[in-house]
Amino acid sequence: MQNTDKSDMHNGADSENTSEFFAVTETVTDYTDVVHFFAPRFKGIFTANTIQMRHLRAAIHQMNRSRRRLVKMQRGAVWLRLQMHSAAQNGLLAARARLGWLRAVKARSAQKRIVQLKSYYQTMEAERMLHVRIMSAARTLLFGWEEKNAARPAQALKASRNLRNTILLTKREERLARNRLSEVGLAEHQMNAANEALNQHYFPYALNPEKIHLPFNRRKYVAYVFLLLFAAAAVSFLYPPWNPPNLGVACNNAGKNVNCAALPVTSAISLSNTGSGAITGWVSVSGNEYTRSPDQILPVFILPHHIQTFTCDSFKLCTNSFTQPIYISITSSGGVFAAVIQP
């Protein structure tokens, strides 16, 4: 990872002309941003002779934080660009739709979304400019440190080299974030075009749904009525309030009714639905007496006045082993039931 960062640093230095970025044309005298970002508790006049190692360490720490924020900003810019494209498309579709209440609702929501995304874009751009100020302050601090340590002892040279490398890495991430935000700026132009289309091609009152009174739409009314009837029919089929589904259980062994609490292997369990609604649920089969954790789950779906039968062959545990009891638990909309099949 360290080698990759160094290679990225050199690539960024070559592509951005770092010699111009670190060129010193005159003696640095303004340390306002340096004090603001790296020495906020300093009281007095800050000069090159005031710079200490802790200021360089604070600058390196702050630059690393800025680099992480710039990486997140790149991802956020990609997401913001996609959202802007979607908002612009929705705005154009709303502008081209037929005048009516539904179109007015879509147009107003599209305008609100455009305003939100533009505000978010301005916030990201302001944050990027803040990181640019931090980089400029770090560069000023580096120039002052090198001016103070003109003799360049080993420790001072190492500290300046670390700060310089950190600035280069942060500047690379800032360049990538700036490119991503420039793409977001192109998407913002599309949103502005969609916003102009919403405001220009229709009357202003069309964007206010409360001021629109549409005539009766028979086709939509019939569709809504059929949808409500379908929902009521589905509820009444699954669980009618007048005669809800009721689970009836019968157990037989060789044609004779037996007790359903403890069944032999040759028995069958018949589930009957005596109600007017469909029974839905599941059968849990377990071979553990204490945990009752299901080893097999079978679906249950019984129409009104129908029967569903489960034999020993229906259960995987029953067919594989006859040496231990099998615990069956039935949970359904018509009731619950539990039984044990003895080996």
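Tutor: Begin with a term: two strands count as paired if DSSP finds at least two bridges between them. Keep in mind that this is a predicted model.

Student: OK. Which residue in β9 does Ile 328 stand opposite?

Tutor: Ile 328 stands opposite Ala 339 in β9. The strands here are β8, residues 326-332, and β9, and they pair in the antiparallel sense over seven bridges.

Student: How many residues sit between β8 and β9?

Tutor: Two residues lie between them, and the two strands form a hairpin.

Student: And which way do β3 and β9 run, parallel or antiparallel?

Tutor: Parallel: strand β3 (residues 262-263) is joined to β9 (residues 335-341) by two bridges. Within that pairing, Ala 262 has Val 340 as its bridge partner.

Student: What holds paired strands together in general?

Tutor: Strands of a sheet pair through backbone hydrogen bonds, in a parallel or an antiparallel way.

Student: What's the strand order in the open sheet of four strands?

Tutor: The order is β2-β1-β4-β7, and the pairing is antiparallel.

Student: How many bridges do β1 and β4 have?

Tutor: Six bridges, in the antiparallel sense, between β1 (residues 247-253) and β4 (residues 268-273). As an example, Ala 250 has Ser 270 in β4 as its bridge partner.

Student: Switching topic. How many salt bridges are there?

Tutor: The structure has eight salt bridges. One of them is between the side chains of Glu 127 and Arg 69, at 2.8 Å from N to O. Glu 127 is in helix α5 (residues 101-148) and Arg 69 is in helix α4, so this pair ties together parts 58 residues apart in sequence.

Student: What does Glu 174 form a salt bridge with?

Tutor: With Arg 128, where the closest N and O atoms are 2.5 Å apart. Glu 174 is in helix α6 (residues 154-200) and Arg 128 is in helix α5, so to speak a link between distant parts of the chain, 46 residues apart.

Student: Are those two buried or exposed?

Tutor: Glu 174 is buried, and Arg 128 is buried as well.

Student: What about Arg 164, which residue is its partner?

Tutor: Arg 164 forms a salt bridge with Glu 146, with the closest N and O atoms 2.8 Å apart. Arg 164 is in helix α6 and Glu 146 in helix α5, so the pair ties together parts 18 residues apart in sequence. Arg 164 is partly exposed at 26% relative accessibility, while Glu 146 is buried because its relative accessible area is 17%.

How values were computed
Residues numbered from 1 in each chain as written. Predicted model: local features only at pLDDT ≥ 70, side-chain atom pairs only at ≥ 80, totals over all residues. Heavy atoms only, no water. Salt bridge = Lys/Arg side-chain N within 4 Å of Asp/Glu carboxyl O. Buried < 20%, exposed > 50% of the residue type's maximum accessible area, 1.4 Å probe, protein only.
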